[in-house]
Amino acid sequence: MKGVTIYDIAKELGVSPATVSRALSGSDKVKEETRRKIAETAKRLNYTPNYLARSLKKKQSYTIALIISDVTNPFFTNVARGVEDTASRFGFNTIFCNTDEDPDKERVYVDLMLKKMVDGLVVSSCGDGRTLLPLKEKGMPVVLVDRKVGKFHWDCVVGDSEGGAYTLTRHLIEVHGHKEIAVLAGPLTISTSAERIAGYKRALIEFGLPFRSELVTAGYYKEDFGYRIAKDFLSGEKRPQACFAGNNFIAIGVVRAAQEHGLRIPEDLALVTFDDLELASLLFPFFTVAKQPAYTMGSLATQLLLERIGGEKIKENREVVLKPEIIIRRSCGCEPGKQVLSG
Ligand code: RIB
């Protein structure tokens with residue numbers, strides 16, 4: 001008999017699975033009335049998230065693995081926190097694997113986790129899918145987080161990279177009148193990089209601006225990539241007016257290059273990016289940013305995984321897309337003081 005999932009509760013109430021996940025995990029980000037309705041519906045539908053009871057019959061390690069690509073990035077630290085909090089709440093341990101954006105390392109971890117006979121994996125992959133083939137072949141429960149991987153139709157919980165990039169670019173064009181906007185993206189093999197370029201392109205087209213490939217550079221989500229490319233385009237005669245950095249670390253590299261050229265952000269170069277540096281922003285609110293709900297991404301991905309590990313017969317492959325919070329600060333050229341737009 002198919003058990004009730006958070007997805008069923010979400011459908012019944014017409015709210016997002018992320019809201020159900022937050023309400024059931026006691027998050028304070030859910031309105032009291034909504035929390036009450038979710039609790040009542042969960043009770044009425046006899047939702048029992050006790051995965052241990054349902055899975056006692058078969059051998060379980062009560063351990064899941066999380067594969068992320070840069071443990072030093074606060075975005076992934078928050079994803080990992082959401083995964084581990086949720087797994088431990090339901091009696092599972094979590095093994096963390098950091099691939100450092102290296103597909104060879106990812107493959108080593110995939111083979112190791114199969115040997116360790118974990119019950120399932122949450123994966124933010126840095127590869128093009130080949131590293132994940134053994135998981136498919138072995139029928140291992142997997143939920144993708146943050147990044148989709150083309151050929152695999154597993155459940156996935158991702159951020160709306162295209163929508164966030166569109167909103168940031170539209171802000172630079174519509175509010176600050178910029179037309180020459182450089183993009184420094186992550187690897188094109190990664191879904192978030194390609195989606196961010198697509199959102200940037202959609203905003204240009206909407207405002208009748210040409211998409212100029214010489215302003216778009218794909219590289220990797222690291223500070224030295226941002227620094228190296230920005231050094232080039234800041235030393236040329238035709239400097240862009242603005243830059244959309246694919247993530248926080250690339251943005252830091254751009255700021256370092258600008259400082260070396262004696263240029264000011266935003267006066268000489270406006271800058272927007274993804275993934276807030278929350279602690280830094282508390283002390284020095286500077287970056288205009290698309291802030292992804294990383295903790296919820298990790299927590300929801302884990303709940304979807306535990307439902308599959310618990311033996312729920314779920315036919316559909318579930319895809320949840322979470323909107324980023326667009327926080328407008330100084331780096332785009334706006335006056336100090338935080339404004340928030342919808343992603
Ligand atoms: O910081 C790494 C980036 O890659 C993040 O924006 C995240 O979305 C991931 O895809």
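Predicted model: local features only at pLDDT ≥ 70, side-chain atom pairs only at ≥ 80, totals over all residues.

Colleague: Is valine 289 buried or exposed?

Modeller: Valine 289 is buried, because its relative accessible area is 0% and the cut-off for buried is under 20%.

Colleague: And how far is valine 289 from leucine 277?

Modeller: Their C-alpha atoms are separated by 9.3 Å. Along the chain the two residues are 12 apart.

Colleague: Which residues surround the ligand?

Modeller: The shell is Asn73, Phe75, Phe76, Asp146, Arg147, Thr192, Arg196, Tyr221, Asn247, Asp275 and Gln292.

Colleague: Which helices supply at least two residues of that shell each?

Modeller: Helix H5 (74–89) and helix H9 (191–206).

Colleague: What about polar side-chain atoms by the ligand's oxygen atoms? Start with asparagine 73.

Modeller: A polar side-chain atom of asparagine 73 is 3.0 Å from a ligand oxygen. For threonine 192, the distance from such an atom to an oxygen of the ligand is 2.8 Å. Asparagine 247 also places a polar side-chain atom 2.8 Å from a ligand oxygen.

Colleague: How much of the ligand does the protein bury?

Modeller: 99% of the 270 Å² that the ligand exposes when taken alone.

Colleague: New topic. How many salt bridges does the count come to?

Modeller: The count is 28 salt bridges. One of them joins lysine 11 and glutamate 316, with the closest N and O atoms 4.0 Å apart. That pair links distant parts of the chain, 305 residues apart. Lysine 11 is in helix H1 (residues 6–13). Glutamate 316 is in the loop between helix H13 (294–309) and strand E11 (319–322).

Colleague: What does glutamate 319 pair with?

Modeller: Lysine 148, in a salt bridge of 3.3 Å from N to O. This one links distant parts of the chain too, 171 residues apart. Glutamate 319 belongs to strand E11. Lysine 148 is in the loop between strand E4 (142–145) and strand E5 (155–159).

Colleague: How accessible are glutamate 319 and lysine 148?

Modeller: Glutamate 319 is partly exposed, at 45% relative accessibility. Lysine 148 is partly exposed as well, at 33%.

Colleague: And which residue does arginine 256 meet in a salt bridge?

Modeller: Glutamate 223, at 2.7 Å from N to O. The bridge runs from helix H11 (residues 248–260), which holds arginine 256, to helix H10 (residues 223–235), which holds glutamate 223. The two are 33 residues apart.

Colleague: Why do arginine 256 and glutamate 223 count as partly exposed?

Modeller: Because arginine 256 has a relative accessible area of 32% and glutamate 223 has 23%.

Colleague: Last one. Which residues are linked in a network of salt bridges?

Modeller: Glu33, Arg36, Lys37 and Glu40.

How values were computed. Residues numbered from 1 in each chain as written. Heavy atoms only, no water. Salt bridge = Lys/Arg side-chain N within 4 Å of Asp/Glu carboxyl O. Helix = DSSP H or I, 4+ residues; strand = E, 2+ residues; numbered from the N terminus. Buried < 20%, exposed > 50% of the residue type's maximum accessible area, 1.4 Å probe, protein only. Near = heavy atom within 4 Å. Polar contact = N/O pair within 3.5 Å; in protein donor to acceptor, adjacent residues only side chain to side chain. Areas by Shrake-Rupley, 256 points an atom, 1.4 Å probe, with all protein chains shown as cover.
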